[in-house]
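User: Hey, I've got this protein open on my screen and I'd like to talk it through. Can you help me find my way around?

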Amino acid sequence: IKGVGPARKKLFSNLGVESVEDLLYLFPRRYEDRRNITLLSKVKLGEWQTVMGKIVTEGGRRSWYTKKHVYEIVVDDGTSRMVCVWFNQPYLGHYLKEGKNIVCYGQVNIYKNTLQMVSPEYEILEDNDDETLSVKRIVPVYPLTRGMGQRYIRKTIKTALDKHKESINDELPVQLRNKHKLYNIKRSIEFLHFPDEMKDQEESLRRISFEEFYFFQISIMLRRQSIIQK
């Protein structure tokens with residue numbers, strides 16, 4: 001796959017990915033609905049939400065109380081501002097630069113009369129990013145390993161889908177799929193990565209779960225048959 005050299009291949013192996021098939025079955029651990037990003041002026045305190053804005057200030061300091069390193073940014077989306085805080089992660093200064101556009105996911109609270117997220121998940125949106133994979137859609141969030149970002153893995157999986165999706169064999173008979181109203185495997189894998197609606201993701205997960213249980217039951221039957229024959 002384009003963009004996966006020896007170094008990236010080693011990183012993928014840390015996630016248990018050794019082949020294109022493994023990559024296609026590396027499903028997201030959750031999803032963010034970025035079709036309707038919450039405006040900072042509309043956030044609800046105590047709830048987990050996704051916000052997007054521009055970093056207007058950033059910097060690190062040492063907490064006089066806990067002695068921990070504190071890295072803070074101020075995000076502005078044109079309607080309000082919010083402070084994002086991380087502890088003992090000074091390296092964030094290399095990535096979270098003033099003027100960058102950022103998406104943050106976390107629990108919104110108030111600290112000293114200011115909106116705040118503590119240790120939110122974040123993603124920097126570069127000017128040359130393919131926005132169709134990062135914003136204005138339901139966005140997959142994958143398990144990661146050190147040295148690998150969400151944008152890269154998202155783009156790599158999209159490339160793998162575009163190039164190899166038609167090569168996936170469906171092991172479930174058509175009659176069985178029709179009987180239980182199941183998606184075919186190509187549609188299921190595509191929607192598990194990039195669903196248009198959460199209903200698509202749910203139906204795709206139902207299909208994958210059905211297949212796993214179906215073949216698990218067959219393996220049990222075959223094992224019992226082999227024991228009886230002995």
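User: How much accessible surface does the chain have, and what share belongs to carbon and sulfur atoms?

Analyst: The accessible surface comes to about 14,200 Å², and 50% of that belongs to carbon and sulfur atoms. Keep in mind that this is a predicted model.

User: OK. What is the chain built from, in helices and strands?

Analyst: There are seven helices and eight strands. The radius of gyration is 22 Å, well over the 17 Å that the globule rule gives for 230 residues, so the chain is more spread out than a compact globule.

User: And what does the C-alpha trace span along its principal axes?

Analyst: About 75 × 40 × 35 Å.

User: How many of the residues count as buried?

Analyst: Of the 230 residues, 38% count as buried. As for contacts between residues at least 6 apart in sequence, 59% of them join residues at least 24 apart.

User: Let's go inside then. Which residues in the largest nonpolar core touch the most other members?

Analyst: Those are Phe12, Met148, Ile153 and Ile157, in a core of 23 residues. The elements giving two or more residues to this core are α1 (6–13), α2 (20–24), α4 (150–164) and α6 (185–193). The largest share, five residues, comes from α4.

User: What does isoleucine 157 touch, leaving aside its neighbours within four places in sequence?

Analyst: Isoleucine 157 is in contact with Leu23, Leu26, Tyr142, His193 and Phe194. There's also a second, separate core of 18 residues, which includes Val43, Ile73, Cys84 and Val108.

User: I clicked on serine 204. Is it buried or exposed?

Analyst: Serine 204 has 0% relative accessibility, so it counts as buried. You'll find serine 204 in helix α7 (residues 198–229). Not counting residues up to four places away in sequence, serine 204 touches Tyr183, Arg187, Ser188, Phe191 and Leu192.

User: And histidine 69, where is that?

Analyst: Histidine 69 is in strand β3 (residues 69–76). At a relative accessible area of 16%, histidine 69 is buried too. Beyond four places away in sequence, its contacts are Gly60, Arg61, Arg62, Trp86, Phe87, Asn88, Gln89 and Pro90.

User: Switching to charges: how many salt bridges are there?

Analyst: The count comes to 17 salt bridges.

User: Show me one. What does arginine 34 pair with?

Analyst: Arginine 34 forms a salt bridge with glutamate 123, and the closest N and O atoms are 3.1 Å apart. Arginine 34 lies in the loop between β1 (30–33) and β2 (48–62), while glutamate 123 is in strand β7 (residues 121–125), so the pair ties together parts that are 89 residues apart in sequence.

User: Are those two buried or exposed?

Analyst: Both arginine 34 and glutamate 123 are buried.

User: What about aspartate 33, which residue does it bridge to?

Analyst: Aspartate 33 pairs with arginine 35, with the closest N and O atoms 2.7 Å apart. Aspartate 33 counts as partly exposed at 35% relative accessibility, and arginine 35 counts as partly exposed at 34%.

User: Back outside. Which residues form a nonpolar patch on the surface?

Analyst: Tyr91, Tyr95 and Tyr122 do, with about 310 Å² of accessible area together. Tyrosine 91 sits in the loop between β4 (81–87) and β5 (101–111). Its relative accessible area is 37%, so tyrosine 91 is partly exposed.

User: Are they buried or exposed?

Analyst: Asparagine 113 is exposed, with a relative accessible area of 77%. Lysine 136 is exposed as well, at 66%.

Conventions. Residues numbered from 1 in each chain as written. Predicted model: local features only at pLDDT ≥ 70, side-chain atom pairs only at ≥ 80, totals over all residues. Heavy atoms only, no water. Patch = residues over 30% accessible without salt bridge, like charges linked within 9 Å, V, L, I, M, F, W, Y side chains within 5 Å. Areas by Shrake-Rupley, 256 points an atom, 1.4 Å probe, with all protein chains shown as cover. Salt bridge = Lys/Arg side-chain N within 4 Å of Asp/Glu carboxyl O. Helix = DSSP H or I, 4+ residues; strand = E, 2+ residues; numbered from the N terminus. Buried < 20%, exposed > 50% of the residue type's maximum accessible area, 1.4 Å probe, protein only. Contact = heavy atoms within 4.5 Å. Rg over C-alpha atoms; globule rule 2.2 N^0.38 Å. Core = buried A, V, L, I, M, F, W, Y, C linked by side-chain atoms within 4.5 Å.
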